[in-house]
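Try each task yourself before reading on.

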Amino acid sequence: MTDAPHTPERPPGPTPGHPTEPSAGAPGTDEPVPRLPRGRGMRFSRPELLRVAGLAILLVFLLVAQRPCADAVSRFVTGFGDQGSAAAPLPRPGTVDEPAGGAGSDLGGYEPLRPGMTEAEIKAAIERARARARTGSGEGSGRAAPARSSSPPAPPTR
């Protein structure tokens, strides 16, 4: 006895649904049987292979570089609020010292001009500013108030 499975033999003669003789349109036993077309596999030209390889390299690069780039951008964006930045921190309320000269002390180098000044008052203010500029001191150079004229100030023109 053999270990191969035993298949029953077919009885000679016609079987139901399978005639023994070929029909008129069917190929005979001597004619070759047409085969189904099969694919020839995956064959690529060189430009196609370069495109596929370039895309694969790009995808691998994106996967590898994603985390370090995200971490660097995160540090960059969140680093603007750190105390270690070059900008001085904003003062807290109640801890700000006022300047010694009071409000407007940085305006000492300028001549005040008021609305309604006459031509003579404006020319006198300009001359005082030029004289102060020639001496080189902007502070304490005898800021006398402009002389008042006896005539009333001219109304502002529109």
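**Exercise 1.** Which residues make a nonpolar surface patch of about 500 Å²?

Solution. Before starting, note that this is a predicted model, in which local features need pLDDT of at least 70 and side-chain atom pairs count only at pLDDT 80 or more, while totals for chains, interfaces and linings use all residues. Residues are numbered from 1 along each chain as its sequence is written, and side-chain values use heavy atoms, with hydrogens and water left out.

Step 1: the rule. A patch takes residues with over 30% relative accessible area and no salt bridge; nonpolar side chains (Val, Leu, Ile, Met, Phe, Trp, Tyr) are joined within 5 Å, and like charges within 9 Å. Areas come from the Shrake-Rupley method with a 1.4 Å probe, and for residues only the protein chains shown count as cover.

Step 2: the members. The patch is made by L55, L58, L59, F61 and L62.

Step 3: one member. L59 is found in helix α1, residues 46-78 (helices are DSSP runs of H or I with at least four residues, strands are runs of E with at least two, and both are numbered from the N terminus). L59 has 46% relative accessibility, so it counts as partly exposed (buried is under 20% relative accessible area, exposed over 50%, partly exposed in between, with a 1.4 Å probe and protein chains only).

**Exercise 2.** Find the salt bridges that E111 forms with R128 and with R132.

Solution. Step 1: the rule. A salt bridge needs a side-chain nitrogen of Lys or Arg within 4 Å of a carboxyl oxygen of Asp or Glu. The whole structure holds three of them.

Step 1: the R128 pair. The closest N and O atoms of E111 and R128 are 3.1 Å apart. E111 sits in the loop between α1 and α2 (119-135) and R128 in helix α2, so this pair ties together parts 17 residues apart in sequence.

Step 2: the R132 pair. R132 and E111 meet at 2.6 Å, N to O. Because R132 belongs to helix α2 and E111 to the loop, this bridge links parts 21 residues apart in sequence.

Step 3: burial. E111 is buried at 15% and R132 is buried at 6%, whereas R128 is partly exposed at 22%.

**Exercise 3.** What separates R130 and E127 along helix α2?

Solution. Step 1: R130 and E127 form a salt bridge, with closest N and O atoms 3.5 Å apart.

Step 1: they are three residues apart in helix α2, so about one helical turn separates them.

Step 2: finally, the shared partners. Salt bridges join E111, R128 and R132 into one network.
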